[in-house]
Amino acid sequence: MSLLNPEQFWRHVPPRWKPRYHFFNKGITASPTDADSVQTLTKQLGLTQNDFVAFKLDIDTPTIEIPIALDLLNGNSHFAELVDEFFFELHFRCEIMMPCGWDSGMPDKVEGLRLDRPGALELFRDLRRRGIRAHFWP
């Protein structure tokens, strides 16, 4: 993990957004009860269901990303009730990306989630049915 230079980071945030922006320059964990989890951090911020919460998940570590996405889906935490819009670069066995290096060591499943196109589409369909506007790429 490489941390960002805070001065360089803030230089690119427009002044009008700075009072509303939160920057946590550390790694997160998959366990929702851990002090460094996104679930715990959102509790500490005091967010409520009246706030609009957009969450982008792109850390390229399926063992951390997928449990967080499944927590959103299962609604097991305060965090799951807060997220309105979810953006996730889900690495799955995509025929377009496999020749680009995704094939080396990519598992078929993580935490019960099938990492193929039907599995990815099912996850995002279920998130949307739960009321979370969910988007993925590639």
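In the predicted model, strand β1 (residues 53-57) and strand β2 (residues 83-88) pair in the parallel sense over five bridges, where strands are DSSP runs of E with at least two residues and helices are runs of H or I with at least four, numbered from the N terminus, and where pairing requires at least two DSSP bridges between two strands. Within this pairing, K56 stands opposite F87 of β2. Strand β2 also runs parallel to strand β5 (residues 133-136), to which four bridges join it, and the bridge partner of F87 in β5 is H135. Residues are numbered from 1 along each chain as its sequence is written, and side-chain values rest on heavy atoms, with hydrogens and water left out. As the model is predicted, local features need pLDDT of at least 70 and side-chain atom pairs count only at pLDDT 80 or more, whereas totals for chains, interfaces and linings use all residues.

In α3, E65, I66, P67, I68, A69, L70, D71 and L72 are buried, that is, under 20% relative accessible area with a 1.4 Å probe and protein chains only, exposed being over 50% and partly exposed in between. Just after α3, G75 takes a positive phi of about 65°.

Leaving aside residues up to four places away in sequence, L72 touches F55, F79, A80, V83, F86, L127, R130 and I132, contact meaning heavy atoms within 4.5 Å.

In the loop between β2 and β3 (109-110) lies R93, which is partly exposed, with a relative accessible area of 30%. The side chains of R93 and D108 are joined by a polar contact of 3.2 Å, and the C-alpha atoms of R93 and R114, 21 residues apart along the chain, are separated by 9.1 Å. A polar contact is a pair of N or O atoms within 3.5 Å; within protein, one must be able to donate a hydrogen and the other to accept it, and residues adjacent in sequence count only if both atoms are side-chain atoms.
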